[in-house]
Amino acid sequence: MLQVELAGLKLRNPLILASGILGSSASLALRVEEAGAGAYTTKTITRDPRPGYLNPSFIDLGIGYLNAIGLANPGIDDFAEELDLMKKAVRIPVILSVGGGSPEEYEYVVKIGAERGADAFELNLSCPHVKGMGAELGEDLDVALEIIRRARAASGGRPIFLKLSAHYNYLGLAEEALKAGISGFTAINTLRGLAIDVYARAPILSNVYGGYSGPPIKPVALRVVYELYENFGKVPIIGVGGVDSWVSALEMVLAGASAVGVGSAIAANGFEIFGEIIEGLRKYLETEGFRRITELVGLAHERSV
Ligand SMILES: Cc1cc2nc3c(=O)[nH]c(=O)nc-3n(C[C@H](O)[C@H](O)[C@H](O)COP(=O)(O)O)c2cc1C
């Protein structure tokens, strides 16, 4: 009833842990699987280790969250061992989120990830607060396409999702990415934001800018998912941004997402959120007379045809 296929990946349900939310380890992946998720995304891993930014790097604004973790990670050579353990610990697909400062760096991370059995890759071309990485690379079409080409060549034929930002011309990038053979899209990453301490009279985050997430960004995420589906039809889309209930998960599906990423809601509601969303989706399908969740993908567009 809730099973979905996403660019060849078979998921028991459409819920995916979004990148970066919990750190990445085999034991966390197992907890996410036990909580009911259909797939697990690692935090973004780069070629070289990154210490990340100094605290404060995460703020609960009461109306969503602002973070500038700075893509802190141990680097793929170190993380490869954890990936091995992860693959042994869980049966749900493990999606390796890949970052870097150049096409060569992305290629290297994908190559090692493929050797260690990552089930799919997500190219982070959308992190809004790290200089020379993420959204800055997504903004440069030539660089973005070179990253996609190299990632494809190194991926061993496994699916590759492009994680998009709402800040740049994502439809133009998506169109070219499809021509270059991308398998699907993850939309969206956090929005670039800022918070100020009025007593310190200064920005709160050590990095000044951070990524805004949580329920307030849902309308933006829905808009991007809707436009991707409107323009490219049944392309696999992982809808991410502000999902915190079965209703918001369903909104993503109706907008055109085949799968739904859950991020900040874990910080707010714990792992139980997966079970709650699954239960809510099941009940909805039953009471509304649908046999499969896949029947609902993109249904909000039928109104306009
Ligand atoms: C603390 C934190 C760390 C994140 N780290 C990453 C990351 O490493 N890579 C990435 O692609 N997205 C990262 N994100 C973005 C999320 O994957 C997601 O796209 C975004 O938070 C919107 O979803 P949400 O509103 O459900 O949190 C991070 C988000 C948060 C809150």
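Good morning. Arg 282 touches Met 1 and Leu 2, leaving aside residues up to four places away in sequence; two residues are in contact if their C-beta atoms, placed from the backbone, lie within 7 Å. Residues are numbered from 1 along each chain as its sequence is written. This is a predicted model, in which local features need pLDDT of at least 70, side-chain atom pairs count only at pLDDT 80 or more, and totals for chains, interfaces and linings use all residues.

Arg 282 sits in helix α10, residues 272-288. Helices (H or I, at least four residues) and strands (E, at least two) are DSSP runs, numbered from the N terminus. The C-alpha atoms of Arg 282 and Met 1 are 7.7 Å apart, although 281 residues separate the two along the chain.

I turn now to the ligand. Around the ligand there are 29 residues, of which Ala 18, Gly 20, Ser 213, Gly 263 and Ser 264 come nearest; a residue is near a molecule if its C-beta atom, placed from the backbone, lies within 6 Å of it. The elements giving two or more residues to this shell are β6 (65-67), β14 (209-213) and α9 (264-269).

Thank you for your attention.
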